Amino acid sequence: MKQTANKRQLAKLIQQVERLAPADKPLNIMEVCGAHTMAIGKSGLRQLLPDNIRLLSGPGCPVCVTHDCEIEVYLELARQRNVIIATFGDLLRVPGKKGSSLADARGQGAKVSVVYSTMDALKVAKNNPGKEVVFLGAGFETTAPTVAMSVIQAQEEGIENFSVYSLHKLVPPVLEALLLDKEVKIDGFILPGHVSTIIGVEPYYFLAREYHKAGVITGFETHDILQGLVMLLEQIREDKPCVEIQYRRGVLPQGAPLARQVMARVFEPADAWWRGLGLIPKSGLRIRESFRNYDAKKKFNIPEPYPNEKEESNKNCACGDILKGIKLPQECRLFGIACTPLNPVGPCMVSSEGACAAYYRFTEYGGGWNEAR
Amino acid sequence: MKQTANKRQLAKLIQQVERLAPADKPLNIMEVCGAHTMAIGKSGLRQLLPDNIRLLSGPGCPVCVTHDCEIEVYLELARQRNVIIATFGDLLRVPGKKGSSLADARGQGAKVSVVYSTMDALKVAKNNPGKEVVFLGAGFETTAPTVAMSVIQAQEEGIENFSVYSLHKLVPPVLEALLLDKEVKIDGFILPGHVSTIIGVEPYYFLAREYHKAGVITGFETHDILQGLVMLLEQIREDKPCVEIQYRRGVLPQGAPLARQVMARVFEPADAWWRGLGLIPKSGLRIRESFRNYDAKKKFNIPEPYPNEKEESNKNCACGDILKGIKLPQECRLFGIACTPLNPVGPCMVSSEGACAAYYRFTEYGGGWNEAR
Amino acid sequence: MKRDKILLAHGSGGELSRELIEEIIYPIFDNNGGQELLDSAFLALEGGRIAMTTDSYVISPLFFPGGDIGKLAACGTINDLAVCGAIPKFLSVGLIIEEGFPVEDFKKILRSLSDTAASAGVLVVTGDTKVVERGSADKIFINTTGIGIVPEEVSLGPTEISVGDLIIISGTVGDHGMAVLCQREGLSLGGQIASDCAPLSDLAELLVSTGGVSCMRDPTRGGVASVLYELARQSKMTMEILNEAVPVHHAVAAGCSMLGLDPLYLANEGKLLIFARPEKESEIMNVLRNHPLGRAGRVIGRVTSRDDSGKVLVETELGAKRILPALEGEHLPRIC
Amino acid sequence: MKRDKILLAHGSGGELSRELIEEIIYPIFDNNGGQELLDSAFLALEGGRIAMTTDSYVISPLFFPGGDIGKLAACGTINDLAVCGAIPKFLSVGLIIEEGFPVEDFKKILRSLSDTAASAGVLVVTGDTKVVERGSADKIFINTTGIGIVPEEVSLGPTEISVGDLIIISGTVGDHGMAVLCQREGLSLGGQIASDCAPLSDLAELLVSTGGVSCMRDPTRGGVASVLYELARQSKMTMEILNEAVPVHHAVAAGCSMLGLDPLYLANEGKLLIFARPEKESEIMNVLRNHPLGRAGRVIGRVTSRDDSGKVLVETELGAKRILPALEGEHLPRIC
Amino acid sequence: MCVAVPLKVVKVTGNMAIAELEGISKEISIALTPEVNVGDWVLVHAGYAIHRIDNEEARETIRFLEELYEANCK
Amino acid sequence: MCVAVPLKVVKVTGNMAIAELEGISKEISIALTPEVNVGDWVLVHAGYAIHRIDNEEARETIRFLEELYEANCK
Ligand code: SF4
Ligand code: SF4
Ligand SMILES: [Mg+2]
Ligand SMILES: [Mg+2]
Ligand SMILES: [Mg+2]
Ligand SMILES: [Mg+2]
Ligand SMILES: [Mg+2]
Ligand SMILES: [Mg+2]
Ligand SMILES: [Mg+2]
Ligand SMILES: [Mg+2]
Ligand SMILES: [Mg+2]
Ligand SMILES: [Mg+2]
């Protein structure tokens, strides 16, 4: 079921992209999803594209956009003697406001259990009846239903020492937030494959209707991405932006209604803070009152919305503008000085494939290595 | 304040013992206290005494006389996930009915904290609020007041996760139990120094009055023991048994009334089972009803007096007769076969200076090493 | 070093490990002259050079398809000697055991250590056993220290690497790492893959005897990627590998896609990464193809140019060349 | 072996340790010929004999009056080489660190290891670092493996012990054990005693050069008593020591009476127990008296006769002779 | 942002299933995709099947690639 | 059966005291012997002072030993 293309097929697709690339003006295409960013990075695709097609890496790594103030909150939780933090490995090294991460906290004595699935987190809770297990629910619409299932299961099985600290984020609202900026220089979106598996096409309609932006829901193989690009470029050339699905083996137009029901049973939309982007209305998920016993924020009395703490942690981080195609990483004052991959400030540096991290590693502006061609 | 004698003084004392030793009949002198047994062993005294003065090692090591059924009970406790056993190191290697000890249990995952004082056990309780700390209260009248103090302190400070499993034993009742046997061949007792620090002389009066046995409360230096022996031999020679104090720097005739009060506030006498000796009336201490919250037997619902379990664990163990001077270790059917120092059955083998252990190690009947002269 | 606490990542073979070694350990043990980053010590003793190397093994699970910690402890140290051109001769074994560790498992582990050493002609000559309280160690840790004889004419190492050298791997990559990870993450292997754990001294000796090897490594923790990264820096060379040329067992590839991992970063315990003079290619490939531990050997890249900072490029399926990044911290399963 | 689980006592240097080594470890590593119970390996390498020895250090507390685990890790292995007559040359260091261990402490420990090795003319030539999860190790464990050169004419060991040999201790016993215990049991030393932790290679070499030494040991875990017990069994000799002759610091004696312990069973980390030909007594005592680590040296006993089972007798203050029993299990403070 | 892998379901037990790829198998939850049967391919994310892959749709991509190939060979 | 050591009290703080022997000191409880003062010798068992040693009685043993010695020397 895994599908790979051969070299000739790939070369053909690149030719198509080259053919479709406008000669006159540069195009900014944002791949929203971190998995796309990873796939593009591994394939070396960026270097092979025509110079006037720029791929911008979006805010699509759910752990990278976790706000540093919230990181401080869960680090505080992690330090409580009776608490075990259960988390996906992805979150382990993401630093908070003061530069330290869950990995650091663990080094200082916090109990952190790295799990691959919420089912494992429930097992940790069952195996540690004397402890409170707090699962860090990070992730977009793809992950949220699995976390919701675990809450429902905990309720059904009467597992009382389990709760979720919801850091979940939603994709369409952040896209809208980026587009609200008048200066934004994005022409089209490579839309996330697996988020769309859940939400389908409808939530993206506003992109074309309201902002006149192209969008293609795309798979994660190199040929998927190239085909998605071709479809995007065709939309742009014909000036008929819409939402197409390239990734038809993974996404139905209607998405996954049952998963959305499960998610809606446990969560409701809420304003959310994004690292480097600030507060975005209705861009997150909070646990409904009916599941309050499983809401770590309520169980541990974490004040919401954290007055005094919710201001942008570093006003100098230019991530917002970088994500909008307005600035380049090297135009950020912190780039390479206060902000490096080992000590990142904004999401574009936290993600190892984020724009700032990539520039730092692979260009003359960063560590001194030139990107290879 | 530690007093040691020089060689001449010791030689002089030995001469006095030799002079007082009856020529005609052998005398059996029991040193009741394990610390005396240790001191005698370390000094090599036994070999220097006239042949017709035999030193019998009594039931005076409080951990060695802990009944193997009770060991099984606390091993069971130790296996409970939420329990930390706090214990003096002495108890660590004493095997239960099935041959395994606390050290084994610890190897299998039990949490065992070796402490030097009940104060340390209270600290363990304070530092582990989520756990139940059970202190194994083993020891005679010397130790019981210190354990009683910890119970009082736990009550005063509201430490609720602390309890005591009382294995305490009393010295006078076991002496009486030995003497009840018509065949008993004990002529006099080297009485325990530090037990007497607490109880004074009165509780021993029955020895002379009812059983016509000599008794001297003795200190633990070699010269103390020799002087105690001299005093005993004088009592015997003059046929005027009584209770004398050799160890006057450590024992007042009235004992320590405050320590006895503290002990009596928390504990009350109760029948107790002795390893190798069986049930002896009023020879132990149980926690009073008023401190029931600190009584591990009540807290963990341990049935008393353990019907079906309290029968003598090994009827073939001859310890009772050995302690009475009726039998020698090599006359026990288990000696050196089912019962060895590494896998002891009765208290005389459990104690490293017990009669059976000493015979096993140092005589031709045991491991093959001849006792050196 | 920025952090004031040691983290797991400090021992993961990645960026922070290097920091720990270069910034803390090396300045303290400054008696090594130029060989600070070599894993094995060359000792000038009367009568010849001997090599000495040490490693502690702290793997969990202790038993995995294809081996156990005992086999690993023998292979790892033997292989560290072998890759520097030494003929492994003697091993010491230092055991730290958590109380409560089953004797049966202990025996199994020691037997497998002993058998593995014996199969490579190596004697275990001295040992030490410590037992620590439950909770003070994770079941069992094994240190093995090995010494071997370095033939007069042999000289291998990063400084011997030249532009033009071929980069050869002796077989499929990531088998050990995936076998262990599957056990840890509850994936079932269905007998598809096992750890490649094996002593490589025999194969290494044959390869060295061709006279065409400039440097060798056993790409263990951190995988082929980390070894390449380290050697590129040490030799100040640019190295290029061809992604498609790297042999990966199809089940390892499947496991990697299931766990979000890259086989180039997975540990191997029975593979040699060989830098070879191009004129000796056929001789070296012959040795590999005729040895049970080298049958799947392949040329995966080459050293392309000098470069003061040193770097590794990967040629992708698209024909693009991208940087091979260093592993930062632990290599954990990812969901994103 | 009767038990199916490893207990603390299996590593305590006492009876169960011997059981573990003789019944489990030795039968598996059966390549040592007659030297199975020697702590160091003599290796016939071309050009001469070298000795190799390994030990892991798992002490708690890590820092104690007079030293730390780093100094200990250097001394212990250097001393193990020294007592077999080797000139220590090289050390490897294997570190297992619990995550969260403070870097400052780590540096302090490594520096002290390095300085101690340097002071004995020993080079640390190779190392390895592993970090394990919190709770998977107790702060830090160190393995050191040492190799040394054994001069042609030197031949020391239990089989060289003869009837008539003097038993000499190079200074007061139990200082290290008491310094560590006091820290652990919350006794305050008031600056009275410190660990004797020191590299003994220089002193040992001087002693060996008298030609009068038949065997040496550093009486570490289990103390003088355990070493005597072990050597009596290995040499099949009866040994006698005079209790009063054994030098004990008065504060160590006091600590022992407070904790219910015997100084003969306490660990030393800077003392030599020497078996010496009686005709060389004055020469050997001279070496001791003129060396900073041997000033308090004393003859404490002698080898009195052959005895197939081997035993150790202690002459007491009463002039009686009693058996010196082997340590069974851990040496713990007692209340009775 | 969300890694999901196509796996083939080889066993179903209530809400749980065993799914495999190239012989490597894994226990997954199908609570979000109860329609799944043995033999189906599913997309698995964080231990949960989130989508049953329609064979027709899957073939679509293959067809597309084949066309590309032919176009290229012409 | 019950090891107790004579220690000299050097500091008293409520129910607790510091006691020492040959420069080695230890925190002990004097809850069972509240009459204890700095300078007193006490018998300590399992961390508790269980007896204040009367100097007169202590000298008694010394006297006895001295007499023995003299008897011997005569
Ligand atoms: S360099 Fe750092 S601070 Fe600047 S925009 Fe990028 S992530 Fe933000
Ligand atoms: S040998 Fe063992 S069984 Fe026999 S009397 Fe002595 S302790 Fe009891
Ligand atoms: Mg190595
Ligand atoms: Mg290695
Ligand atoms: Mg290696
Ligand atoms: Mg050792
Ligand atoms: Mg463990
Ligand atoms: Mg050694
Ligand atoms: Mg040693
Ligand atoms: Mg030694
Ligand atoms: Mg290493
Ligand atoms: Mg710890």
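Donors are N, O and S atoms within 2.8 Å of the metal (3.2 Å for Na, K and Ca), and water is not among the atoms, so sites may look incomplete. The model shown is predicted: local features need pLDDT of at least 70, side-chain atom pairs count only at pLDDT 80 or more, and totals for chains, interfaces and linings use all residues. Residues are numbered from 1 along each chain as its sequence is written, chains are lettered from A and ligands numbered from 1 in the order in which they are written, and side-chain values use heavy atoms, with hydrogens and water left out.

**View 1. The magnesium ion (ligand 3) and its donors in chain C.** Thr53(C) (OG1), Asp55(C) (OD) and Asp80(C) (OD) coordinate the magnesium ion (ligand 3) at 2.3 to 2.7 Å. Along the chain, these donors follow the spacing T-x1-D-x24-D. Thr53(C) and Asp55(C) are both buried, a term that means under 20% relative accessible area, with exposed over 50% and partly exposed in between (1.4 Å probe, protein chains only). Asp55(C) also bridges to the magnesium ion (ligand 4), and ligands 3 and 4 lie 4.0 Å apart.

**View 2. The magnesium ion (ligand 5), held by Asp80(C) and Asp218(C).** The OD donors of Asp80(C) and Asp218(C) coordinate this ion at 2.2 to 2.4 Å. Asp80(C) is in helix α2 (residues 69-83) of chain C, and Asp218(C) is in the loop between β9 (213-217) and α6 (223-235) of chain C, so the pair ties together parts that are 138 residues apart in sequence. Helices (H or I, at least four residues) and strands (E, at least two) are DSSP runs, numbered from the N terminus. Asp80(C) is buried, with a relative accessible area of 6%, and Asp218(C) counts as buried at 6% relative accessibility. Asp80(C) bridges the magnesium ions ligand 5 and ligand 3, which lie 5.5 Å apart.

View 3. Asp55(C) is buried at 8% relative accessibility, and Asp128(D) is buried with a relative accessible area of 7%. Asp55(C) bridges ligand 11 and the magnesium ion (ligand 3), which lie 3.8 Å apart.

**View 4. Surroundings of ligand 2 in chain B.** Residues around ligand 2 (one heavy atom within 4 Å of it) include Cys317(B), Cys319(B), Cys332(B), Cys339(B) and Cys356(B). Among the others are Ile322(B), Leu334(B), Phe335(B) and Met349(B). The shell has 11 nonpolar, 1 polar and no charged residues. Here Ala, Val, Leu, Ile, Met, Phe, Trp, Tyr, Cys and Pro count as nonpolar, Asp, Glu, Lys and Arg as charged, and the others, Gly among them, as polar.

**View 5. The interface of chains F and D.** In this view, 13 residues of chain F are in contact (heavy atoms within 4.5 Å) with 15 residues of chain D. The two chains bury about 1,200 Å² between them, 66% of it on carbon and sulfur atoms. Buried area is the accessible area (1.4 Å probe) that two parts lose on being put together, summed over both. Val3(F), Glu22(F) and Ile24(F) supply 45% of the area that chain F buries against chain D, more than any other three residues.
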